[in-house]
Amino acid sequence: MREKVAIVGGGIAGLTAAYFLSRKYDITLFEKKNRLGGNAYTLTTDDGLSFDVAVAVFGKNCYPNFTKLLKQLNVETTRFSSPGIGMRNLETKKEFTFSFGLKGLWAQRFSILKPKQIYSIIAEFINMNRLRKLYEQGKLEGLTMKESFELHAHKSDARVMSMFMLCTVSSMYYEEIMAAPADFFFGKMAAHKDFFSPRAIFSMFQAKNNTQSYVDALVENFKDKVILNASIVTIERQDGSCVLKHQNGSEMSFDKVVMACNADQALALLDSPSEDEKRILGTWKYKEGPIVVHKDMSSLPKKERHNLYTFLFTNKEDEIHTSITGHIRRLKSVSNDCEYLSTQHPNFPIDKKLIEFHENFRTPVFDTNSVQVIEELPSLNGKKNTYYCGSHFGYGLHEDAVSSAIDVAEMLDAGWA
């Protein structure tokens with residue numbers, strides 16, 4: 001008989017772990033929500049359109065394991081040519097648009113080519129390059145992002161744009177990023193150049209049939225081993241077994257358990273966590289970040305200036321509050337006349353009558369404390385028949401979740417075929 005393995009969490013980490021482990025073990029995947037995928041969420045609207053509202057595009061150069069996984073699953077991908085990005089000050093209505101191609105330049109009346117804008121972009125490029133070099137030299141160690149920027153003070157539209165890109169790939173607020181360790185975020189920029197360089201024009205991809213296509217492909221071989229709306233109350237780890245106790249009083253015994261849920265959720269489920277588990281898992285904080293899908297364009301620039309993302313912000317007494325709005329019509333899975341918008345962390349009023357979808361997505365906060373324990377997370381694997389994986393094992397991205405799940409599978413001799 002094959003050993004029994006419980007996998008707690010049905011996001012991309014849990015699905016990847018289950019996909020590999022199901023080849024060798026008798027697995028059961030538990031997900032507390034009524035769907036799988038986590039932040040990979042393909043929404044089908046009331047009028048029949050399907051598109052991704054959170055995770056959508058990825059860079060093949062910096063997502064090697066994720067790309068390899070999609071290839072093994074025979075999930076088709078398509079190149080995503082970014083039309084550019086833009087931002088708007090909600091108070092002054094001032095706009096800054098960085099568009100690629102003649103059509104985008106015409107839409108903004110070539111304003112990006114004005115001397116002041118060109119100077120701003122060049123100055124920001126030079127300053128960011130200086131900070132990257134300081135990072136490579138180890139001179140940003142112990143500094144926050146805010147403190148590192150003060151080394152080369154430069155306030156401009158381009159500076160705010162740089163920070164918005166970090167907001168996009170971290171799901172953190174501007175002020176949270178400013179308080180975070182500079183080493184972590186400049187390391188993230190170095191590791192994920194697809195997002196933070198001109199190569200984004202040609203190196204970004206998306207699943208041809210949305211993220212749901214790889215969620216379905218991952219779960220295909222163990223559909224009957226998935227328990228949705230799971231209500232695990234506690235996990236007791238005994239000699240040679242892990243007992244999952246549920247809210248209704250039932251119990252299920254397994255040989256091993258893979259915690260593919262958030263770190264704080266994992267800690268809360270463990271009946272007798274070790275001191276290391278308390279210290280390492282207890283460090284993590286999470287946020288419930290709202291994403292709203294709607295058709296309210298009243299706070300946005302004119303439609304012809306819509307790029308992939310529009311960053312809307314307010315700036316009062318150097319307190320910057322941000323939101324990120326994705327223009328769904330820029331995705332290849334929908335037509336160009338699609339009017340839906342996907343706004344993360346909305347900081348402007350949205351007409352309730354125009355809202356299609358509203359849900360909170362849970363994401364890790366990378367602060368001074370949590371960043372310090374990232375390298376220690378793998379040390380928890382294998383103790384008390386318990387293993388861990390998730391996006392917090394790296395920079396909070398799909399690639400980190402997938403890679404950490406593969407590491408667990410390889411520890412259990414169930415890695416790449």
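## A pair of helices

In this report, two residues are in contact when they have heavy atoms within 4.5 Å of each other. The model under discussion is predicted. By this criterion, Ile12, Leu15, Thr16 and Tyr19 of helix α1 meet Tyr214, Val215, Leu218 and Val219 of helix α10. The residues of this contact comprise seven nonpolar, one polar and no charged.

Two packed helices are described by the angle between their axes and the distance between the axes. Helix α1 covers residues 12–21 and helix α10 covers residues 212–219; their axes come within 9 Å and cross at roughly 35°. The crossing of α1 and α10 is left-handed.

## A sheet of three strands

The model contains an open sheet of three strands, arranged in the order β11-β12-β13 with antiparallel pairing. Strands β11 (232–238) and β13 (251–254) form the edges, each pairing on one side only. On average, neighbouring strands of this sheet are turned by 20° against each other, direction ignored.

Strand β12, which spans residues 241–246, pairs with β13 in the antiparallel sense over four bridges. Which residue of β13 is the bridge partner of Leu244? The partner is Met252.

## The largest cavity

Rolling a probe the size of a water molecule over the atoms shows where empty space is left. In this model, two cavities of 30 Å³ or more are counted.

The largest cavity holds about 40 Å³ of space. Its lining consists of Val55, Ala56, Val57, Phe58, Phe66, Gln206, Ala207, Thr211, Tyr214 and His398. The elements that contribute two or more residues to this lining are β5 (57–59) and β9 (204–207). By class, the lining of the largest cavity has seven nonpolar, three polar and no charged residues.

About 30 Å³ of space lies in the second largest cavity. Arg132, Tyr135, Glu136, Phe186, Met189 and Ala190 line the second largest cavity. Helices α4 (115–136) and α8 (182–191) are the elements that give two or more residues to its lining.

How many charged residues does the lining of the second largest cavity have? There are two charged residues, together with four nonpolar and no polar ones.

How values were computed. Residues are numbered from 1 along each chain as its sequence is written. This is a predicted model: local features need pLDDT of at least 70, side-chain atom pairs count only at pLDDT 80 or more; totals for chains, interfaces and linings use all residues. Side-chain values use heavy atoms; hydrogens and water are left out. On a 1 Å grid over the protein atoms alone, a cavity is a set of points where a 1.4 Å probe fits but cannot get out, and a pocket is an open set with protein on both sides within 12 Å along at least five of seven lines; lining residues have an atom within 4 Å of a point. Grid points are joined across faces, edges and corners, and a volume is the space filled by probe spheres set on the points. Ala, Val, Leu, Ile, Met, Phe, Trp, Tyr, Cys and Pro count as nonpolar, Asp, Glu, Lys and Arg as charged, and the others, Gly among them, as polar. Two strands pair if DSSP finds at least two bridges between them. Axes are lines fitted to C-alpha atoms, for helices over the stretch in contact, and angles run from 0 to 180 degrees between N-to-C directions. A crossing is left-handed if the near helix is turned anticlockwise from the far one by less than a right angle, and right-handed if clockwise.
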